[in-house]
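I opened the model to look up a handful of positions and then the chain as a whole. My notes follow in the order I took them.

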Amino acid sequence: MSGQEPATVLRRLRGGLVVSCQAPPGDPLRGPAFMTAMARAAVLGGAVGIRAEGPDDVQAVRRAVEVPVIGLWKQGTEGVYITPTVDHARAVAEAGAEIVAIDATGRPRPDRSTVPELVAGLRQTHRCLVMADVSTLEEGAAAAEAGADLVGTTLSGYTPYSRQGPGPDLGLVAALAARVEVPVVAEGRITTPAEARAALDAGAWAVVVGGAITRPELITARFAAALRG
């Protein structure tokens, strides 16, 4: 880890853009070398933080950039798969992430642990901050009560009971900002600079953008679809 105090990490993120540099299995850009290059390019463009997936990518990105790194570790694609257990969280922290992102929805975890137990377990061994990825206001409030340092709207639309539909959930951003005392991070389906700006105006502490910046396949598909009419 960088050794920065948690308050310093949060100040560095405030009002800024965090770029999520992730490539799923099968993506030509998957792997630490490509994601490190992507992270460097994002920082050159003004990113104040990077979100990276998996210990290998987190470690490589942490060594390559000076901005705070939000780390996570995906296990599968269904249910609770974002840093699902304390062991996964500790591995991400050990790789150098100043902030560890966890699924903090109300769904059952694979090891049957609770969000408060995961947060407490990580805090026993590491000084990192914890970002709770949630899908509803109630989940965000519960995560903040459990000790999460940041709450993100990452999973809105990805649980069957949360808001569905295109575009970012700016209503959830605003509701969380009014309800919890910890910083709120807007993340999920933000595809334009105007939407990122609107998220800040809604009360977000910082904004995370992923595929709209770092997934050439998706960006190309949008242009190709427009040309096809």
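I began with Ile-82, which sits in the loop between S3 and H4. This is a predicted model, so I am reading computed positions throughout.

Next I listed what Ile-82 touches, leaving aside neighbours within four places in sequence. The contacts include Leu-72, Trp-73 and Lys-74. Ala-101, Ile-102 and Asp-103 are also among them. Arg-51, Arg-109, Asp-133 and Leu-155 are on the list too. I checked the spacing to one partner. Ile-82 and Ala-101 are 19 residues apart in sequence, and their C-alpha atoms are 7.5 Å apart.

I moved on to Thr-83. Thr-83 belongs to the loop between strand S3 (69-72) and helix H4 (86-94). Its phi is positive, about 45 degrees, although Thr-83 is not a glycine. Most residues other than glycine have a negative phi. Thr-83 has 0% relative accessibility and therefore counts as buried.

I then looked at another positive phi. Arg-189 has a phi near 60 degrees and is likewise a residue other than glycine. I found Arg-189 in the loop between strand S7 (184-187) and helix H8 (193-201). Is Arg-189 buried or partly exposed? At 22% relative accessibility, Arg-189 counts as partly exposed.

Strand S6 came next, by way of Val-151. Val-151 is buried, with a relative accessible area of 0%. Which residues does Val-151 contact, beyond its neighbours within four places in sequence? I noted Ala-132, Val-134, Gly-140 and Ala-144 among them. Leu-176 and the run Val-182, Pro-183, Val-184 and Val-185 complete the list. I also took a distance to Ala-186, which is 35 residues from Val-151 along the chain. The two C-alpha atoms are separated by 8.7 Å.

Asp-149 lies in the loop between helix H6 (137-145) and strand S6 (150-152). I asked what its side chain reaches. The answer is the backbone nitrogen of Val-130, at 2.8 Å. Not counting residues up to four places away in sequence, Asp-149 touches Arg-123, Cys-128, Leu-129 and Val-130, plus Val-182 and Pro-183.

I followed the chain to Thr-159, in the loop between S6 and helix H7 (170-179). Thr-159 is buried, its relative accessible area being 2%. Leaving aside neighbours within four places, I recorded contacts with Thr-105, Arg-107, Ser-135 and Gln-164.

Last, I stepped back to the whole chain. I count 10 helices and eight strands. The radius of gyration is 16 Å. A compact globule of 229 residues would be near 17 Å, so the value agrees with one. The C-alpha atoms fill a box of roughly 50 × 35 × 35 Å along the principal axes.

Buried residues make up 50% of the 229. Of the contacts between residues at least 6 apart in sequence, 60% join residues at least 24 apart. The chain exposes about 10,500 Å², and carbon and sulfur atoms supply 56% of that. For charge, I noted 22 positive and 24 negative, with mean positions 4 Å apart.

Terms used. Residues numbered from 1 in each chain as written. Predicted model: local features only at pLDDT ≥ 70, side-chain atom pairs only at ≥ 80, totals over all residues. Heavy atoms only, no water. Helix = DSSP H or I, 4+ residues; strand = E, 2+ residues; numbered from the N terminus. Polar contact = N/O pair within 3.5 Å; in protein donor to acceptor, adjacent residues only side chain to side chain. Contact = heavy atoms within 4.5 Å. Rg over C-alpha atoms; globule rule 2.2 N^0.38 Å. Buried < 20%, exposed > 50% of the residue type's maximum accessible area, 1.4 Å probe, protein only. Areas by Shrake-Rupley, 256 points an atom, 1.4 Å probe, with all protein chains shown as cover. Lys, Arg positive; Asp, Glu negative; His and termini not counted. Charge placed at Lys NZ, Arg CZ, Asp CG, Glu CD.
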